[in-house]
Amino acid sequence: MSLWYGGDYNPEQWDPAVWKEDVDLMRQAGVNLVTVGVFSWSSLEPAPGEYDFAWLDQVLDLLHDGGVKVDLATPTASPPPWFSRLHPEALPVTADGVRLTHGSRDTYCVCAPAYRDAARGIARALAERYDDHPALAMWHVHNEYGTTCYCTFAAERFRGWLRERYGSLDRLNEAWTTAFWSQRYAEWADIEPPRATQYLVNPTQYLDYRRFWSDELLAAYLDQKAVLREHSAAPITTNFVFGGWVPVNHARWAAEVDVVAIDHYPDHAGIGAEEQTAFGADLARAWAGGKPWLLMEQAAGGLNTGERWHTKEPGRMARHSLSHVARGSRGALFFQWRASRGGAEMYHSAMVPHAGADSARFREVAQLGSVLPRLAEVAGSTVVAEVAILWDAECWWAMQGTHLPSSSLDYLAAVRSAHRHFWHADVTVDFAAPDADLSSYRVVVVPSLYLVSDETAENLAAYVESGGQLVVGYFSGIVDPDVRVRLGGYPGAFAELLGVRVEEFHPLSGEVALASGGRGRVWSEDVEAVSAEVVDRYAGGVLDGKPAVTRRQVGTGTAWYVSTELDDDTAADLVSRLAGAGRSAGGLVETVRRRDGGVTWVFFINHGDADAVVPAVGTELVAGAAVNGELVVPAGGYAVVREA
Ligand code: GAL
């Protein structure tokens, strides 16, 4: 098993004379896998049903001769202009009712029959031609499924999905609480997607549209997967993209891909980008069920995220790559191989920058390419984690509705902050699905699990009963899967387990002091400790003296409730109390342990600007040297030790 190294290769943007140089440079850089054809539909099918495969034949042969494997893409994320001319009805419509035009990418609706036919058509043509090409390692369906549409095809499919889910209009009316604001439906045909409307949208209609859209996109992926599978036994995947705009339940999709693949472009400033790298990698590993997954895209250097330009200082690209690999990725791939000369993303960094191969960026790329083969032995191992954080896409979507008591409530921010606290304590965490078997974890953290099913509540209760330490964050357990409040006092589904009862929320605009000396932010609640012990209290303000943090013994475990967003120091105290941890080396060394049977490896990634000394015994794989107790990880550098 080896680690994959490479990126998106878009030869159709270049003169054939460049292709030969590309392959030579790929060899120099240690590239062994490239994704080809992601956006090449108009080059492959210049007119309806007329294919031009000659150039792709040549490219794949060249790559094969150079020892580079191919992750062959179906180009369906960007239909050619002729498709939009012939099928204007397949162009996407925004929630505001604007039909978008051609000229960017993702200008289609997955619900449009003509689009689905055309996508199957080009996938079939590729599968028939390249199923036995020796360079083919993997199929890459589409690119970053996520684009939403609100057209009439989508409305029709939505109604079908709702009929399946609810069976009857009575049941739908109840789930959607349509008695509120006179929304009661008497005909299925009256139901529309949550398009732009006068005021706040129905929360359940909004959530159901996201659930529906995830299923609909998945159906479009499965269409292509079936076509490819008819012709080829190669693994099939698609690259997951993560973001608030993406209605894809990746945890559910993961069952349909042969390897979970993610694209990751951290956009936080400073050390936030490293925290975010670990966050995205840990999520990918959770979707992959703990098994190896693949970083399909990242930036080799700078990129513009719309808000600002993100730089990757020397060494940072390698550290991010290593952090992904440490956390389970089968390699490190980039968007893209060669920086485009024109087009919308011409200033996006690449493995070969505009300056050419005689550049610091390319030398750094080649350097990393020379290191990864030395780490190949970790490829099949799994990450060791004793702490889990719950992740639920549906809860996130529910909290993206416009009905919440405070616009500061933010599911993703709450989960990120929990993850960040453990990252800063250098404790590796897994993300876990609400229905996962949690018994192997010492600690399970549940940030703002606003929407929760009875089954999830039971799963968490059973975890505590049998000895687990559960930490439930504020604004959890409030609504059921229909986004209807669980009556009788918050935190509804968890009130009994936590031994607390809350009658009223107190969203915060600033901070509130805690008796321990810490501070709470974002949110507070009027907590009554019914059968829980009070760990910390609010000090001052309307909740003066009321419980802020509580703890209850249940069976052989403990259930904590944290009713506010703790400041970093207070959260760090709680983390070390729960996980008994702290950075051993001080500074900013990220430590991740991997295991395969009796063999363990430790990754040390030093994000700080001072050398760090870490305890280690074994063989350091990058330098190939024995380590006998202490290892210096240079500032901005990394080391990987196979433990003795
Ligand atoms: C990804 C996408 C690539 C490229 C990249 C730029 O989301 O798949 O095609 O656009 O972003 O960062």
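Predicted model: local features only at pLDDT ≥ 70, side-chain atom pairs only at ≥ 80, totals over all residues.
Q: How do the residues of the contact of H3 with H5 divide by class?
A: From H3, Leu 56, Asp 57 and Leu 60 take part, and they meet Leu 126, Arg 129 and Tyr 130 in H5. Tyr counts as nonpolar here, while Asp and Arg count as charged. The division is four nonpolar, no polar and two charged.

Q: How is H14 oriented relative to H17, oblique or roughly perpendicular?
A: H14 (residues 411–424) packs against H17 (residues 568–579) with axes 9 Å apart and an angle of about 70°. The range for this class runs from 65 to 115 degrees, so H14 is roughly perpendicular to H17.
The handedness of the crossing in which H14 passes H17 is right-handed.

Q: Which residue has a polar side-chain atom 2.8 Å from an oxygen atom of the ligand?
A: The residues surrounding the ligand include Asn 143, Glu 297 and Glu 345. For Asn 143, a side-chain N or O atom is 2.9 Å from a ligand oxygen, and for Glu 345 the corresponding value is 2.7 Å. The residue with the 2.8 Å value is Glu 297.

Definitions and conventions
Residues numbered from 1 in each chain as written. Heavy atoms only, no water. Contact = heavy atoms within 4.5 Å. Helix = DSSP H or I, 4+ residues; strand = E, 2+ residues; numbered from the N terminus. Near = heavy atom within 4 Å. Polar contact = N/O pair within 3.5 Å; in protein donor to acceptor, adjacent residues only side chain to side chain. Axes fitted to C-alpha atoms, helices over the stretch in contact; angles between N-to-C directions. Parallel < 35°, antiparallel > 145°, perpendicular 65-115°, else oblique. Left-handed = near helix turned anticlockwise from the far one by under 90°.
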